[in-house]
Amino acid sequence: MRSELPVRETSAARPLPAGWARSVVEPVVARGGPLVILLLLVAYLSLSAPYFFTVGNFKNILQQTAAVMILAVGQTVVIIGAGIDLSVAATLALSASLGAVAMTYWGQSVWVGVLLALAAGSLVGLVNGVVITKGRVPDFIVTLGTMSAARGVALILTGGLPVPSHLTAIQLRAYLPQEIIWLGSGSLLGIPVAPLVALVMAFVGWVVLQHTPLGRGTYAVGGNREAARVSGIDVDRVKISGYVLSGFLAAVAGLVLTGRLNSANALMAEGMELQSIAAVVLGGTNLFGGVGGVGGTVVGALIMGVLGNGLNLLNVSAFWQRVIMGLMIVLVVILDQWRRRQFEAWGERRAR
């Protein structure tokens with residue numbers, strides 16, 4: 001069962017009436033909508049902002065979007081499975097802080113620091129999945145709780161200071177390893193490494209969803225939980241695995257962001273959980289599960305990055321940027337629900 005199966009199960013994939021609408025509107029609206037939005041946004045900003053359409057600016061957009069894209073890949077798996085992960089940004093901060101503390105103040109090697117960060121992210125995901133499935137607690141409540149707890153543990157670890165802090169770095173010569181700096185700020189053959197890492201993680205997410213039993217189970221659980229259970233799918237294991245994957249990717253995003261910022265802190269990536277959800281929804285994934293894919297999420301993350309970059313170049317106030325981003329998320333969800341109702345209506349008319 002691939003992603004096409006749930007799509008076929010919804011009216012969104014049913015053919016439209018014959019004619020131009022079927023040949024043009026269906027692929028554009030049902031599958032290419034996010035890409036069209038991205039291209040229109042790029043075209044508008046290219047005409048409105050003089051420095052937008054430059055190689056350097058596109059590299060900047062990709063580098064700034066990398067962390068959100070990695071978070072959004074994990075969020076996609078969770079949302080397709082009819083869940084939601086509000087703790088991804090806090091997990092990012094906790095993982096990054098633990099890894100940075102280990103590599104600087106504790107004197108551990110870069111590999112130990114990376115493994116500790118990945119383990120911390122996976123552990124938060126495991127806790128989320130186990131409490132949600134075994135405790136029968138709503139996803140929203142559990143991940144809201146772990147969001148606060150992860151930030152708290154990160155604050156305890158770092159003492160509320162950046163790691164390494166400026167003074168400590170000078171006194172103890174405690175710097176982040178060059179490998180981490182390269183991960184977030186370096187380049188490979190002229191291409192920034194951070195977006196390459198994001199694309200690799202997106203490919204891994206695509207493989208998991210399309211070519212593994214976990215992916216097939218995720219679509220089935222998100223489409224109809226009880227039907228999946230009756231058909232023999234271990235629903236709890238699928239849900240737990242999705243949250244563990246989300247936590248693991250949050251840790252990867254934390255390492256990338258640490259390398260870009262040259263430090264980690266407990267309050268980093270605040271609000272990024274909403275950006276990851278927005279990227280998923282912008283990419284066409286159904287917020288209620290069962291339908292979607294990583295490809296659309298990558299485009300959705302790029303839309304968020306291009307819009308933020310464009311607003312900066314147009315000198316829009318940071319306060320207004322938050323307003324615009326928030327309104328855009330609400331608008332996209334409204335349009336997504338309207339589009340699905342329209343397709344359902346078309347499907348019902350054709351069935352008569």
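**Overview. The protein chain of this predicted model has 16 helices and 2 strands.** Helices (H or I, at least four residues) and strands (E, at least two) are DSSP runs, numbered from the N terminus. This is a predicted model, in which local features need pLDDT of at least 70 and side-chain atom pairs count only at pLDDT 80 or more, while totals for chains, interfaces and linings use all residues. Residues are numbered from 1 along each chain as its sequence is written, and side-chain values use heavy atoms, with hydrogens and water left out. Of the 352 residues in the protein chain, 52% are buried (under 20% relative accessible area; exposed is over 50%, partly exposed in between; 1.4 Å probe, protein chains only). Among contacts (heavy atoms within 4.5 Å) between residues at least 6 apart in sequence, 75% join residues at least 24 apart. The chain exposes about 16700 Å², and carbon and sulfur atoms supply 68% of that area. Accessible areas come from the Shrake-Rupley method with a 1.4 Å probe; for residues, only the protein chains shown count as cover.

**View 1. Buried residues of helix α9 (residues 178–185).** Ile180, Ile181, Leu183 and Gly184 are buried in α9. They lie on the same side of α9 because they cover an arc of only 155° around the axis, the arc being that of the directions from the helix axis to the C-beta atoms. Packed against the buried residues of α9 are α4 (55–80), α5 (88–104), α6 (110–134), α10 (193–211) and α13 (235–261).

**View 2. Crossing of helices α11 (residues 213–223) and α13.** Two packed helices are described by the angle between their axes and the distance between the axes. Here the axes come within 9 Å and cross at roughly 110°; axes are lines fitted to C-alpha atoms, for helices over the stretch in contact, and angles run from 0 to 180 degrees between N-to-C directions. α11 and α13 are therefore roughly perpendicular to each other (65 to 115 degrees; under 35 counts as roughly parallel, over 145 as roughly antiparallel and the rest as oblique). Leu214, Gly217, Thr218 and Val221 of α11 make the contact with Val235, Val238, Lys239 and Ser241 of α13. By class, this contact has 4 nonpolar, 3 polar and 1 charged residues. Ala, Val, Leu, Ile, Met, Phe, Trp, Tyr, Cys and Pro count as nonpolar, Asp, Glu, Lys and Arg as charged, and the others, Gly among them, as polar.

**View 3. Ser246 in helix α13.** Ser246 is buried, with a relative accessible area of 2%. Apart from its neighbours within four places in sequence, Ser246 is in contact with Gly74, Gln75, Val78, Asp85 and Val88.

**View 4. Backbone features at Pro164 and Leu189.** The peptide bond from Val163 to Pro164 is cis, with omega near -5°. Pro164 is placed in the loop between α7 (139–158) and α8 (166–172). Leu189, in the loop between β1 (187–188) and β2 (191–192), is not a glycine but has a positive phi of about 55°. Leu189 is exposed, with a relative accessible area of 84%.

**View 5. Helix α14 (272–282) and the loop between α13 and α14.** Ala269 lies in this loop and has a positive phi near 65°. At 12% relative accessibility, Ala269 counts as buried. In α14, 9 of 11 residues are buried, among them Met272, Glu273, Ser276 and Leu282. Gly284 follows α14 and has a positive phi near 100°.
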